[in-house]
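Subject: Structure handover

Hi,

Here is the structure I promised to pass on. Please open it alongside this message. My notes follow below.

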Amino acid sequence: MTITDEDCLAETLAFNAQFEATAASRPPRGQAPDTDVLALLRRNRLGGDTPPVLLPQGQDRIVAGGVKVRVFVPDHVDGVYLHIHGGAWAFGSADGQDERLWRLAVQARLAVLSVDYRLAPEHPFPAGPDDCEAAARWLVDHAEAEFGTGRLLIGGESAGAHLSLLTLLRLRDRQGIVGAFRAAHLAFGPYDLSMTPSQRQFGSRPLLSNSDSLRGSYELFTPGMGPEARRDPEVSPLYADLTGMPSARIVVGDQDPLLDDSLFLAQRWQAAGSPVRLGVVAGAMHGFTLFPTTVTARERQRERDFLADA
């Protein structure tokens, strides 16, 4: 484990304190579905109160099984990145971060496909994982013809990191596909939906996620399941056999209730024999890369470097 960005700790903690101070003005996350609140969260960009910017470089397509993806193709393509967005499985969208994905596409020389998977509570588990699996299988079959390369990468943030790992496991276990994706970039994901110690002990501190919001998100995504049922490896990939996984970079902030999830996953990844890099960002909260701070700029560069070099 590498603790990064300790030189920015004062700035990062100050941002957290400012975020907490404005908690009352933000819509609640992870609670029983309120139509108006859910609509607001889905309309605005993740972590903010304004709609996302749509770029003309983003093109919407329909792939296998009717799954919608948003595609960014730069002039030079050395690989294809299957991106899965976050949003507690209930909000967020493939067109929610065009600026970031287009920048990543150009700088890392990647075609980027972001999956617009179905959202809870209207479409609970396993709808979202089904859509991500279908998009990944389509990419395995068509990347060479569509983009001129079979070099495939996968990754996402928060719920998107969870869905990225489930997708790799489903490709292996359901379709016998191992090694098609060369690398996975997993940012602050929940990998144990029965709740790791850091999730349970974090409390109600009003950062982007806390114990209450996580618990509520799991109830929306997996209605009717209790903690024991959520330990099923098809729901909580921390409990899965991780044999045959690609090289991975796992990143999390040390003020994230999901800290244990990344620490434990990195240990299991390594024990299963696959290369893994674990980065823990000093002072960073859940979803820290959504906000304009020094550590965000650094983390975006590390992500680009990993995906470009993988």
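Which helices each supply at least two residues of the lining of the largest pocket? They are H2 (35-43), H3 (98-108) and H10 (294-309). Bear in mind that this is a predicted model.

Largest pocket

The space in this pocket comes to about 570 Å³. Its lining counts 26 residues. Nearest the centre are Arg45, Gly96, Gln97, Arg100 and Leu290. By class, 10 of the lining residues are charged, nine are nonpolar and seven are polar.

Second largest pocket

The volume here is about 450 Å³. The pocket has 19 lining residues, and Phe19, Arg26, Gly47, Gly48 and Asp49 sit closest to its centre. Two helices, H1 (9-21) and H2, each supply at least two residues of this lining. H1 gives the most, with three residues. The lining divides into nine nonpolar, six polar and four charged residues.

Cavities

How many cavities of 30 Å³ or more does the structure hold? The search gives five. I looked into the second largest cavity, with a volume of about 80 Å³. Helix H5 (residues 159-175) gives the most to its lining, with three residues. Leu168, Leu171 and Arg172 are among the lining residues. Eight of the lining residues are nonpolar, two are polar and one is charged.

Cysteines

How many disulfides does a search of the whole structure find? The count is zero. Is Cys8 buried or exposed? Cys8 has a relative accessible area of 6%, so it counts as buried, the cut-off being under 20%. Cys132 is buried too, because its relative accessibility is 0%.

Where to start

I would open the view at the largest pocket, with Arg45 and Arg100 among the residues nearest its centre. Then go to the second largest pocket, where Phe19 and Asp49 are among the residues closest to the centre.

Best wishes

How values were computed: Residues are numbered from 1 along each chain as its sequence is written. This is a predicted model: local features need pLDDT of at least 70, side-chain atom pairs count only at pLDDT 80 or more; totals for chains, interfaces and linings use all residues. Side-chain values use heavy atoms; hydrogens and water are left out. A disulfide is a pair of cysteine sulfur atoms within 2.5 Å. Buried means under 20% relative accessible area, exposed over 50%, partly exposed in between (1.4 Å probe, protein chains only). On a 1 Å grid over the protein atoms alone, a cavity is a set of points where a 1.4 Å probe fits but cannot get out, and a pocket is an open set with protein on both sides within 12 Å along at least five of seven lines; lining residues have an atom within 4 Å of a point. Grid points are joined across faces, edges and corners, and a volume is the space filled by probe spheres set on the points. Helices (H or I, at least four residues) and strands (E, at least two) are DSSP runs, numbered from the N terminus. Ala, Val, Leu, Ile, Met, Phe, Trp, Tyr, Cys and Pro count as nonpolar, Asp, Glu, Lys and Arg as charged, and the others, Gly among them, as polar.
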